[in-house]
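Reader: I would like to learn how to read this model, one feature at a time. Please show it first.

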Amino acid sequence: MTVALGLFVVHRVTDGLVVAEKEQALEQLASGVNYLGDELSEIKGQDDPELDAALRQAAENLSERGSRSADFAVAVQQSDNTRLPRKYVNRYALDDVRPPAELTELIASGKQRGYQFTETSLDDQPARPFLVVGAPVDTQAGRFDLYYFVPLDDQVAAVSLVQNSLTAIGALLLLLLAAIAGIVARQVVTPVRVAARTAERLSAGLLEERMVVRGEDELARLAHSFNQMAANLQRQIVQLENLSRLQQRFTSDVSHELRTPLTTVRMAADVIHAAADTFPPALARSTELLSNEVDRFESLLNDLLEISRYDAGVAVLEPEDTDVRTIVTRTVDGLTQLADRTGSELKVAMPDEPVVAEVDPRRVERILRNLVGNAIEHGEGRPVRITLASDADALAITVRDYGVGLRPGEAQAVFDRFWRADPSRARQTGGTGLGLSISREDARLHDGWLQVWGWPGLGAQFRLALPLRRGDRLTAAPLPLAPADAGSRYPRAIEGPRQALPAAPVHPALTSAEATDETDTEVGRRG
């Protein structure tokens, strides 16, 4: 804006000076035309012997009477009389005073007067800007063209002075504006930076951080509001932390307290079940149901204890170098009887070479047992495919079923505790509803992923991806999440959460399941 304003002012000043000089030069030209006409009024014709002397005297007088500068020049030019010189010039050489060709043609075409800006030199000095004005003078002795050469040195100097002044003023103004902008920006940005740093500390768990309130302006109100928000947030997090601690303690205490009466009930149920052959049929059936429910209750209690360990952050990984193929084989062998009962065929695809990884065999087997058991449960009697593959950094196991699949939105909820896709569905395995939730925590404890793909009518596929070495960061899996046999007709097939370590530290008030809800949810990208 400063540059544009300076150019506008220079342009206006230049136009004003040029217009003023042009008007003055044209007035002087009109006066000179009248004077030359009067001087030649006594000449009788082109052959008058006084004509040459009169023209010389007129050129000298016009040069003297109109001289406003040392470089001011007047030229009287004719082309009709061969007895006379073509040009009359005072003080300068004839060849140095040359009217511009365009202006000469304009005057010769019959125009009464004209002007032109040009750069020329009337002496040995470098070329400078001149304003050349000209007009024809008709007399009895013939036609003569009168030209005035008006130097523009004063105008150029004035424009240069204005331009230099505006440049200096503009530079000072820019420095002043920069200083003002810097001061204002510092006053505004500094508190914002302080707020940003304070927010980062708060997000890192330093809940005692507060901003310093100075003054009573908008920034002070911002700091006060920020501090109030931080205090409310701290109070809420402390409350959540206390509630979470109470919940974890309650779950752990209840689970432990139930083990003693459950052991007693277990022993009594076993004794009664052993004597079931001596009971009437109805009572024998009740005895069998009691034994089954005690088994389910014991499994639920064990799962609750495992969940409480994860919630308390005391779950410990016991890794060892293991051939994962043996875990897959052991899991399939243990669930073959269940698969036969439901009519599902378990198909396993594994490499011939050992797939050795640093994992906790007990937890990996529990993950696979949950995944394969769910696939059998929801596979509608169709085959269940278990595939194992590995590369230089990771291994992946996929469990594919061709059952009911997952509706939109269910892939994000399938790992929730006690969630069931169809509560009215009769279960074959008597699960507790915590299996997939525990499996997700087991995968996360290995720094791995547990993901699900599903679509109604196409079945579902779970993928477990684990790094081969403890502590390595998992960036890719050897097997794709979406199965190849799903086709390309369902580009919006849903992919479930991918487990990953959170990028920022999480406050202890948040449980591990809550802390990862936003950091490891991945929506399907298969096209």
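Reader: In which sense do strand 1 and strand 2 pair, and over how many bridges?

Author: This is a predicted model, in which local features need pLDDT of at least 70 and side-chain atom pairs count only at pLDDT 80 or more, while totals for chains, interfaces and linings use all residues. Residues are numbered from 1 along each chain as its sequence is written, and side-chain values use heavy atoms, with hydrogens and water left out. Helices (H or I, at least four residues) and strands (E, at least two) are DSSP runs numbered from the N terminus, and two strands pair if DSSP finds at least two bridges between them. Strand 1, residues 73-77, pairs with strand 2 in the antiparallel sense over 3 bridges. One of the residues involved is Gln 77, whose bridge partner in strand 2 is Lys 87.

Reader: What is the order of the strands in the open sheet?

Author: The order is 2-1-5-4-3, with antiparallel pairing among the 5 strands. Strand 2 (87-89) and strand 3 (114-120) are at the edges with a single partner strand each, so one side of each has no neighbour in the sheet. From one strand to the next the twist averages 25 degrees, taken between N-to-C directions of lines fitted to C-alpha atoms, on a scale from 0 to 180 degrees.

Reader: How many bridges join strand 4 to strand 5?

Author: The two run antiparallel and are joined by 10 bridges, strand 5 being residues 142-151. They form a hairpin with 2 residues between them, and Asp 138 stands opposite Arg 143 of strand 5. On the other pairing, strand 3 and strand 4 are joined by 7 bridges, also antiparallel, and there Phe 117 stands opposite Leu 131 of strand 4.

Reader: Where is the kink in helix 7 centred?

Author: It is centred on Thr 336 and amounts to about 45 degrees. The buried residues of helix 7 include Val 328, Leu 335 and Leu 338. Just after helix 7, Gly 343 has a positive phi of about 90 degrees.

Reader: Which residues have the most contacts inside the largest nonpolar core?

Author: Nonpolar side chains tend to be buried together in soluble globular proteins. A nonpolar core here is a set of buried Ala, Val, Leu, Ile, Met, Phe, Trp, Tyr and Cys residues joined through side-chain atoms within 4.5 Å. The largest has 37 residues, and those with the most contacts inside it are Val 328, Leu 346, Ile 376, Ile 386, Leu 395 and Ile 397. Among the elements that give it two or more residues are helix 7 (324-342) and helix 8 (361-378). Apart from it lies another core, of 29 residues, including Leu 29 and Leu 131.

Notes
Buried means under 20% relative accessible area, exposed over 50%, partly exposed in between (1.4 Å probe, protein chains only). The bend at a residue is the angle between axes fitted to the seven residues ending there and the seven starting there.
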